[in-house]
Amino acid sequence: MTLLSLLVAGSAAQAQNQPLRTAVDASFPPHAFTRLDGKLDGFQIDLGTELGRRLGREVQVDGTTFAGLIPALNAGRYDFILAPVTATTERAENLFLTEGYLFTAYQFGIRRGSAPITGPGDLRGKVIAVNKGSAYDAWTRENADRYGFTPLVLDGFTDATLAVVQGRAYAQLGGNTTIRYAAQRNRQFTADLVLRDTRAHWSLVARRGDTAMREMLENALECMKLDGTLARLSEKWFGTAPEADDAERVAFPGYGVPGMAGYDPTPHTPRCN
(Lines give C-alpha, C1' and ligand atoms only; values in the text may rest on other atoms or scores of the structure.)
Protein backbone atom coordinates (compact mmCIF):
# COMPACT_ATOMS: atom_id res chain seq x y z
CA MET A 1 0.00 0.00 0.00
CA THR A 2 1.38 3.42 -0.98
CA LEU A 3 1.86 6.29 1.43
CA LEU A 4 -0.98 8.20 -0.29
CA SER A 5 -3.41 5.30 0.05
CA LEU A 6 -2.45 4.90 3.72
CA LEU A 7 -3.12 8.58 4.33
CA VAL A 8 -6.49 8.41 2.55
CA ALA A 9 -7.50 5.29 4.50
CA GLY A 10 -6.43 6.91 7.75
CA SER A 11 -8.40 10.08 7.01
CA ALA A 12 -11.51 8.07 6.18
CA ALA A 13 -11.22 6.06 9.39
CA GLN A 14 -10.72 9.25 11.42
CA ALA A 15 -13.82 10.80 9.83
CA GLN A 16 -15.86 7.73 10.75
CA ASN A 17 -14.83 8.15 14.39
CA GLN A 18 -15.81 11.83 14.56
CA PRO A 19 -19.04 12.73 16.38
CA LEU A 20 -22.06 13.54 14.24
CA ARG A 21 -23.17 17.11 14.87
CA THR A 22 -26.86 17.94 14.89
CA ALA A 23 -29.47 20.10 16.58
CA VAL A 24 -33.09 20.34 17.68
CA ASP A 25 -35.58 23.07 18.45
CA ALA A 26 -35.32 22.92 22.25
CA SER A 27 -38.74 24.49 22.84
CA PHE A 28 -40.93 21.81 21.28
CA PRO A 29 -42.07 19.26 23.89
CA PRO A 30 -42.43 16.32 23.78
CA HIS A 31 -40.00 16.25 20.85
CA ALA A 32 -37.26 18.29 22.52
CA PHE A 33 -37.11 20.46 25.62
CA THR A 34 -34.67 21.54 28.31
CA ARG A 35 -35.03 19.87 31.71
CA LEU A 36 -34.56 21.69 35.02
CA ASP A 37 -31.00 20.32 35.18
CA GLY A 38 -30.23 21.97 31.83
CA LYS A 39 -30.08 18.74 29.82
CA LEU A 40 -32.08 18.11 26.65
CA ASP A 41 -34.82 15.51 26.74
CA GLY A 42 -37.65 14.30 24.53
CA PHE A 43 -38.44 11.96 21.66
CA GLN A 44 -35.81 13.48 19.36
CA ILE A 45 -33.11 13.12 22.00
CA ASP A 46 -33.93 9.44 22.47
CA LEU A 47 -33.96 9.05 18.69
CA GLY A 48 -30.53 10.68 18.40
CA THR A 49 -29.12 8.42 21.12
CA GLU A 50 -30.42 5.34 19.33
CA LEU A 51 -29.07 6.54 15.99
CA GLY A 52 -25.63 6.99 17.56
CA ARG A 53 -25.74 3.51 19.06
CA ARG A 54 -26.59 1.91 15.73
CA LEU A 55 -24.10 3.97 13.75
CA GLY A 56 -21.30 3.44 16.27
CA ARG A 57 -20.73 7.20 16.56
CA GLU A 58 -21.46 9.81 19.17
CA VAL A 59 -24.31 12.16 18.22
CA GLN A 60 -23.78 15.66 19.61
CA VAL A 61 -27.06 17.56 19.89
CA ASP A 62 -27.37 21.35 20.23
CA GLY A 63 -30.55 22.97 21.47
CA THR A 64 -31.43 26.00 19.35
CA THR A 65 -34.32 27.60 17.44
CA PHE A 66 -35.93 25.98 14.43
CA ALA A 67 -35.33 28.97 12.14
CA GLY A 68 -31.56 28.56 12.33
CA LEU A 69 -31.35 24.83 11.67
CA ILE A 70 -31.31 24.67 7.87
CA PRO A 71 -28.90 27.63 7.41
CA ALA A 72 -26.52 26.01 9.94
CA LEU A 73 -26.75 22.67 8.12
CA ASN A 74 -25.97 24.27 4.76
CA ALA A 75 -23.08 26.20 6.32
CA GLY A 76 -21.52 22.91 7.48
CA ARG A 77 -22.05 23.44 11.19
CA TYR A 78 -24.23 20.32 11.40
CA ASP A 79 -24.02 16.98 9.63
CA PHE A 80 -27.78 16.45 9.68
CA ILE A 81 -30.90 17.87 11.33
CA LEU A 82 -32.41 15.79 14.13
CA ALA A 83 -35.36 18.13 14.76
CA PRO A 84 -38.64 17.04 13.14
CA VAL A 85 -38.81 18.63 9.68
CA THR A 86 -41.99 18.32 7.61
CA ALA A 87 -41.28 17.06 4.10
CA THR A 88 -42.51 19.75 1.70
CA THR A 89 -41.97 20.28 -2.01
CA GLU A 90 -39.68 23.26 -1.39
CA ARG A 91 -37.55 21.46 1.17
CA ALA A 92 -37.25 18.36 -1.01
CA GLU A 93 -35.90 20.50 -3.84
CA ASN A 94 -33.18 22.03 -1.65
CA LEU A 95 -32.27 19.32 0.88
CA PHE A 96 -31.92 15.55 1.16
CA LEU A 97 -34.82 14.19 3.20
CA THR A 98 -34.96 10.71 4.66
CA GLU A 99 -38.18 8.73 4.59
CA GLY A 100 -40.51 9.71 7.41
CA TYR A 101 -39.95 8.21 10.85
CA LEU A 102 -43.24 9.78 12.04
CA PHE A 103 -46.28 11.16 10.29
CA THR A 104 -47.27 14.67 11.27
CA ALA A 105 -51.02 15.19 10.93
CA TYR A 106 -53.85 17.36 12.21
CA GLN A 107 -55.69 15.77 15.13
CA PHE A 108 -58.57 16.74 17.41
CA GLY A 109 -58.49 16.38 21.17
CA ILE A 110 -61.71 16.29 23.20
CA ARG A 111 -62.75 16.17 26.84
CA ARG A 112 -62.77 12.61 28.14
CA GLY A 113 -66.32 11.24 28.01
CA SER A 114 -67.44 13.45 25.11
CA ALA A 115 -68.85 11.84 21.99
CA PRO A 116 -66.01 11.06 19.55
CA ILE A 117 -65.66 13.03 16.34
CA THR A 118 -66.12 10.65 13.40
CA GLY A 119 -65.62 13.25 10.68
CA PRO A 120 -65.66 17.01 10.02
CA GLY A 121 -69.45 16.89 9.71
CA ASP A 122 -69.66 16.25 13.46
CA LEU A 123 -68.17 19.71 14.11
CA ARG A 124 -71.37 21.57 13.17
CA GLY A 125 -72.53 23.86 15.96
CA LYS A 126 -69.41 23.23 18.06
CA VAL A 127 -66.53 25.44 19.23
CA ILE A 128 -63.05 24.37 18.14
CA ALA A 129 -60.03 25.77 20.01
CA VAL A 130 -56.69 26.42 18.28
CA ASN A 131 -53.51 28.32 19.09
CA LYS A 132 -53.17 31.62 17.27
CA GLY A 133 -50.99 31.79 14.17
CA SER A 134 -50.64 28.02 13.79
CA ALA A 135 -51.45 25.91 10.74
CA TYR A 136 -54.44 24.64 12.72
CA ASP A 137 -55.68 28.22 13.16
CA ALA A 138 -55.52 28.57 9.36
CA TRP A 139 -57.46 25.30 8.89
CA THR A 140 -60.29 26.45 11.15
CA ARG A 141 -60.56 29.81 9.40
CA GLU A 142 -60.69 28.09 6.01
CA ASN A 143 -63.25 25.48 7.06
CA ALA A 144 -65.47 27.12 9.71
CA ASP A 145 -68.23 28.09 7.26
CA ARG A 146 -67.99 24.82 5.35
CA TYR A 147 -68.50 22.64 8.43
CA GLY A 148 -70.51 25.09 10.54
CA PHE A 149 -68.28 25.38 13.63
CA THR A 150 -66.96 28.38 15.57
CA PRO A 151 -63.18 28.80 16.02
CA LEU A 152 -61.86 29.82 19.43
CA VAL A 153 -58.41 31.29 18.80
CA LEU A 154 -56.16 31.41 21.89
CA ASP A 155 -52.58 32.50 22.55
CA GLY A 156 -51.02 29.08 23.12
CA PHE A 157 -51.42 25.35 22.73
CA THR A 158 -51.97 24.79 26.46
CA ASP A 159 -54.65 27.51 26.51
CA ALA A 160 -56.55 25.62 23.81
CA THR A 161 -56.29 22.34 25.74
CA LEU A 162 -57.62 24.01 28.90
CA ALA A 163 -60.54 25.49 26.96
CA VAL A 164 -61.62 21.93 26.11
CA VAL A 165 -61.15 20.62 29.64
CA GLN A 166 -63.07 23.58 31.07
CA GLY A 167 -65.94 23.16 28.59
CA ARG A 168 -65.39 26.42 26.68
CA ALA A 169 -64.66 24.44 23.51
CA TYR A 170 -65.77 21.01 22.35
CA ALA A 171 -62.43 20.10 20.75
CA GLN A 172 -58.91 21.33 20.15
CA LEU A 173 -57.19 21.00 16.78
CA GLY A 174 -53.42 20.54 16.86
CA GLY A 175 -50.56 18.36 15.73
CA ASN A 176 -50.97 14.64 16.36
CA THR A 177 -47.90 14.20 18.56
CA THR A 178 -48.64 17.23 20.74
CA ILE A 179 -52.31 16.30 21.09
CA ARG A 180 -51.32 12.76 22.16
CA TYR A 181 -48.75 14.17 24.58
CA ALA A 182 -51.34 16.51 26.12
CA ALA A 183 -53.72 13.57 26.56
CA GLN A 184 -50.94 11.62 28.28
CA ARG A 185 -50.43 14.46 30.79
CA ASN A 186 -54.08 15.43 31.38
CA ARG A 187 -56.52 12.64 32.26
CA GLN A 188 -59.52 14.85 31.42
CA PHE A 189 -58.33 15.23 27.84
CA THR A 190 -58.17 12.53 25.17
CA ALA A 191 -56.83 12.31 21.62
CA ASP A 192 -59.54 11.87 19.00
CA LEU A 193 -60.00 12.04 15.20
CA VAL A 194 -56.92 12.32 12.97
CA LEU A 195 -57.41 14.11 9.64
CA ARG A 196 -55.53 11.49 7.67
CA ASP A 197 -55.50 13.54 4.46
CA THR A 198 -53.15 15.97 6.24
CA ARG A 199 -50.49 13.32 6.96
CA ALA A 200 -46.95 14.24 5.90
CA HIS A 201 -43.52 12.72 6.54
CA TRP A 202 -41.39 14.02 9.37
CA SER A 203 -37.85 13.47 8.08
CA LEU A 204 -34.25 13.66 9.14
CA VAL A 205 -32.40 16.10 6.87
CA ALA A 206 -28.98 16.02 5.20
CA ARG A 207 -27.40 18.56 2.89
CA ARG A 208 -28.49 18.35 -0.74
CA GLY A 209 -26.22 15.86 -2.50
CA ASP A 210 -24.97 14.15 0.68
CA THR A 211 -26.09 10.72 -0.45
CA ALA A 212 -23.90 8.85 2.03
CA MET A 213 -25.35 10.68 5.04
CA ARG A 214 -28.94 10.16 3.96
CA GLU A 215 -28.41 6.47 3.23
CA MET A 216 -26.67 5.96 6.58
CA LEU A 217 -29.48 7.68 8.50
CA GLU A 218 -32.25 5.98 6.57
CA ASN A 219 -30.71 2.55 7.02
CA ALA A 220 -30.67 3.08 10.79
CA LEU A 221 -34.26 4.35 10.78
CA GLU A 222 -35.49 1.35 8.80
CA CYS A 223 -33.79 -1.06 11.18
CA MET A 224 -35.46 0.76 14.10
CA LYS A 225 -38.80 0.30 12.36
CA LEU A 226 -38.27 -3.37 11.64
CA ASP A 227 -37.32 -4.30 15.21
CA GLY A 228 -40.01 -2.14 16.84
CA THR A 229 -37.69 0.43 18.45
CA LEU A 230 -39.35 3.45 16.79
CA ALA A 231 -42.81 2.24 17.76
CA ARG A 232 -41.69 1.86 21.39
CA LEU A 233 -40.17 5.35 21.47
CA SER A 234 -43.35 6.74 19.96
CA GLU A 235 -45.55 5.06 22.56
CA LYS A 236 -43.24 6.22 25.37
CA TRP A 237 -43.44 9.89 24.41
CA PHE A 238 -46.87 10.19 22.78
CA GLY A 239 -48.87 7.77 24.91
CA THR A 240 -50.37 5.41 22.31
CA ALA A 241 -48.95 2.66 20.13
CA PRO A 242 -48.62 3.51 16.42
CA GLU A 243 -50.96 1.77 13.99
CA ALA A 244 -49.70 -0.72 11.41
CA ASP A 245 -49.61 1.87 8.60
CA ASP A 246 -47.98 4.65 10.64
CA ALA A 247 -44.49 5.74 9.63
CA GLU A 248 -42.94 4.30 12.81
CA ARG A 249 -43.72 0.82 11.47
CA VAL A 250 -43.36 1.22 7.68
CA ALA A 251 -40.01 0.91 5.89
CA PHE A 252 -40.69 2.82 2.68
CA PRO A 253 -39.09 1.68 -0.61
CA GLY A 254 -36.03 3.50 -1.93
CA TYR A 255 -34.32 6.43 -0.20
CA GLY A 256 -36.13 9.64 0.67
CA VAL A 257 -39.80 10.55 0.54
CA PRO A 258 -41.62 8.74 -2.30
CA GLY A 259 -42.98 11.12 -4.90
CA MET A 260 -40.80 14.08 -3.90
CA ALA A 261 -37.71 15.63 -5.45
CA GLY A 262 -34.49 13.85 -4.48
CA TYR A 263 -36.22 10.50 -4.03
CA ASP A 264 -34.09 7.51 -5.08
CA PRO A 265 -36.29 4.48 -5.91
CA THR A 266 -33.37 2.03 -5.95
CA PRO A 267 -34.44 -1.08 -3.98
CA HIS A 268 -32.34 -1.94 -0.94
CA THR A 269 -32.40 -4.21 2.08
CA PRO A 270 -31.61 -2.53 5.41
CA ARG A 271 -28.32 -3.64 6.95
CA CYS A 272 -29.24 -4.30 10.57
CA ASN A 273 -26.96 -5.65 13.30
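Reader: Which side chain meets Arg 54 in a salt bridge, and how should I read such a pair?

Author: Side chains of opposite charge can pair when their charged atoms come close. Here the partner of Arg 54 is Glu 50, at 2.6 Å from N to O, where a salt bridge means a side-chain nitrogen of Lys or Arg within 4 Å of a carboxyl oxygen of Asp or Glu. Arg 54 and Glu 50 are four residues apart in helix α2 (residues 43-55) and therefore separated by about one helical turn; helices (H or I, at least four residues) and strands (E, at least two) are DSSP runs, numbered from the N terminus. This is a predicted model, in which local features need pLDDT of at least 70 and side-chain atom pairs count only at pLDDT 80 or more, while totals for chains, interfaces and linings use all residues. Residues are numbered from 1 along each chain as its sequence is written, and side-chain values use heavy atoms, leaving out hydrogens and water.

Reader: Where do Asp 245 and Arg 196 lie?

Author: Asp 245, which forms a salt bridge with Arg 196 at 2.5 Å between the closest N and O atoms, lies in the segment after α9, and Arg 196 in strand β12 (residues 189-207), so the pair ties together parts that are 49 residues apart in sequence. Salt bridges that share partners join Arg 196, Arg 199, Glu 243, Asp 245 and Asp 246 into one network.

Reader: At what angle do α8 and α9 pack?

Author: Two packed helices are described by the angle between their axes and the distance between the axes. Helix α8 (residues 211-226) and helix α9 (residues 229-238) pack at about 75°, with axes 4 Å apart, and are therefore roughly perpendicular (65 to 115 degrees).

Technical notes
Axes fitted to C-alpha atoms, helices over the stretch in contact; angles between N-to-C directions. Parallel < 35°, antiparallel > 145°, perpendicular 65-115°, else oblique.
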